[in-house]
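Please open the model in a viewer with side chains displayed.

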Amino acid sequence: TVLAAAGAVSSLTVLPAGPAAAAAAAASCEFISSPSGLQYCDVQEGQGPEPTKGSMIRCHYTGRLASNNRVFDTSYERGRPLNFKVGVHEVIQGWDLGILGTEGIPSMKEGGKRVLLIPAALGYGARGAGGVIPPNSDLLFEVELLGRRR
């Protein structure tokens, strides 16, 4: 299983998504695990500041089901990044932890791109979401931190 024990590293091919996909080749990630089961892989390390808990940030993203790589949502196709306060439960816990950093996962920096492999317990859990995310689904999110909302 991709969700390996804490400290394990696993490999997964992430397929491009959205209009920007034409310019990008498939990326191969070496995931690093945290004790919670959250895994991450930095595709591009940002050079800007790190967000702080409660700050309003902007992110582009593509969300996929880890079980079949099916895209269930992407901000790129809408042409609008997601604006939210990070670290205050406005998004799923896996996003807050994966962006702010925790348990050996470093904080993202503005301009960074990270792939998060989020176990169901840090995602939508047993309830699933909106008829597109089945209960108990592990999720893959490609997240691009654009920075603070301007």
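Five aromatic pairs are counted when rings of Phe, Tyr and Trp (its six-membered ring) pair with centres within 6.5 Å, planes under 30 degrees apart being stacked, over 60 edge-to-face and the rest tilted. This is a predicted model, in which local features need pLDDT of at least 70 and side-chain atom pairs count only at pLDDT 80 or more, while totals for chains, interfaces and linings use all residues. Residues are numbered from 1 along each chain as its sequence is written, and side-chain values use heavy atoms, with hydrogens and water left out.

Select Trp-95 and Phe-141 first. Their rings form an edge-to-face pair, 5.3 Å centre to centre with 85° between the planes. The partners come from distant parts of the chain, Trp-95 in helix H2 and Phe-141 in strand S8, 46 residues apart; helices (H or I, at least four residues) and strands (E, at least two) are DSSP runs, numbered from the N terminus.

Now display H2 (93–100). Six of its eight residues are buried, namely Gly-94, Trp-95, Asp-96, Leu-97, Gly-98 and Ile-99. These buried residues pack against S4, strand S6 (82–85), S7 and S8. Just after H2, Gly-101 has a positive phi of about 90°.

Which residues have the most contacts inside the largest nonpolar core? They are Trp-95, Ile-99, Ile-118 and Phe-141, in a core of 25 residues. A nonpolar core is a set of buried Ala, Val, Leu, Ile, Met, Phe, Trp, Tyr and Cys residues joined through side-chain atoms within 4.5 Å. Strand S4 (56–65), helix H2, strand S7 (113–118) and strand S8 (139–148) each supply at least two of its residues. Another core, of six residues, lies apart from it and includes Cys-29, Phe-31, Cys-41 and Val-115.

Finally, select the lining of the second largest pocket, which includes Tyr-61, Phe-72, Asp-73, Glu-90, Trp-95 and Phe-141. A pocket is an open set of points on a 1 Å grid over the protein atoms alone, where a 1.4 Å probe fits, with protein on both sides within 12 Å along at least five of seven lines; lining residues have an atom within 4 Å of a point.

Key. Buried means under 20% relative accessible area, exposed over 50%, partly exposed in between (1.4 Å probe, protein chains only). Contact means heavy atoms within 4.5 Å.
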